[in-house]
Amino acid sequence: MVVLTARSQVEDRIDGLRRGADDYVTKPFSPTELVLRVQAVLHRTRSAEGAAETAMYGGGRLRIDEIRHEAHLDGVVLELTPTEWGLLTALAAAPGRVSSRYELVNRVRGYEFAGYERTIDSHVKNLRRKLGDDGGEIVETVLGVGYRLGWSHDR
């Protein structure tokens, strides 16, 4: 919130900022200055929202931004299919937790999938290939159970 007012006393400005204003502009003001101040507040707000929505794993090497629908590994954008994206985000929702093939198929597809649940194995293979040399470490197999995200969430 940007406060635009004729009240220019120091106490008024302090009061406005204490009440939650992001900026305080007093009259007379330049229209250009007002526009730039509003843009600065919007930029700070968007930056804060974006930072909060990007999850990082493995010391920041893997970044998943669900708002932008982007995943990066070592700064490189991963070109993922919708199923690979769903698989990665499902595993990243609970790093270290093992998810069965059946659970992953239903979470990725969003409904009870009529196909064979082992089809998820093909998608895991493709996702690992796109994750490169670290693919098997990032998406781990738990024999006889399913898969888990091997890298922990950065705090």
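This is a short tour of the predicted model, stop by stop, with something to select at each one.

**Before you click**

Residue numbers start from 1 along each chain as its sequence is written, and side-chain values use heavy atoms, with hydrogens and water left out. As this is a predicted model, local features need pLDDT of at least 70 and side-chain atom pairs count only at pLDDT 80 or more, while totals for chains, interfaces and linings use all residues.

**Stop 1: colour by confidence**

Colour the chain by pLDDT (the predictor's confidence in each residue, from 0 to 100). The chain mean is 84, and 89% of its residues reach 70 or more. Helices and strands here are DSSP runs, numbered from the N terminus: helices are H or I with at least four residues, strands E with at least two. Confidence is lowest in helix 2 (residues 31-53), at a mean of 68, and highest in strand 8 (residues 139-142), at 96.

**Stop 2**

Now select 54-57 and 76-77, which are strand 3 and strand 6, the edge strands of a sheet; each pairs on one side only. The sheet is open, has 4 strands in the order 3-4-5-6, and its pairing is antiparallel. Two strands count as paired if DSSP finds at least two bridges between them.

Walk across from the strand 3 side. Strand 3 pairs with strand 4 (residues 62-65) over 4 bridges, and T54 sits opposite D65. Strand 4 then pairs with strand 5 over 4 bridges, with L62 and L73 as bridge partners. Strand 5 and strand 6 are joined by 2 bridges, and here L73 faces V76.

**Stop 3**

Select H69 and D74. Which loops are they in? H69 is in the loop between strand 4 and strand 5, and D74 is in the loop between strand 5 and strand 6. The strand 4/strand 5 hairpin has 4 residues between its strands, and H69 in the turn has a positive phi of about 55°. The strand 5/strand 6 hairpin has 2 residues between its strands, and D74 in the turn has a positive phi of about 55°. For context, most residues other than glycine have a negative phi, and most peptide bonds are trans.

Relative accessible area is sorted as buried (under 20%), exposed (over 50%) or partly exposed (in between), using a 1.4 Å probe and protein chains only. H69 counts as partly exposed because its relative accessibility is 48%. D74, at 47%, is partly exposed too.

**Stop 4: a cis proline**

Jump to K27 and P28: the peptide bond from K27 to P28 is cis, with omega near -10°. P28 is found in the loop between strand 2 (23-26) and helix 2.

**Stop 5: helix 3**

How many residues of helix 3 are buried? It's 10 of the 11, so the helix is largely enclosed by the rest of the structure. Among them are E84, W85 and T89.

At the meeting place, T83, G86, L87, A90 and L91 in helix 3 meet L104, R107, V108 and R109 in helix 4.

**Stop 6: the core**

Finish inside. A nonpolar core is a set of buried Ala, Val, Leu, Ile, Met, Phe, Trp, Tyr and Cys residues joined through side-chain atoms within 4.5 Å. The largest one holds 26 residues, of which Y57, L62, L87, L88, I138 and V139 touch the most other members. Helix 3 gives the most to this core, with 6 residues.

Centre on L62 to close. Contact means heavy atoms within 4.5 Å. Leaving aside neighbours within four places in sequence, the contacts of L62 include Y57, L73, L88, I138 and W151.
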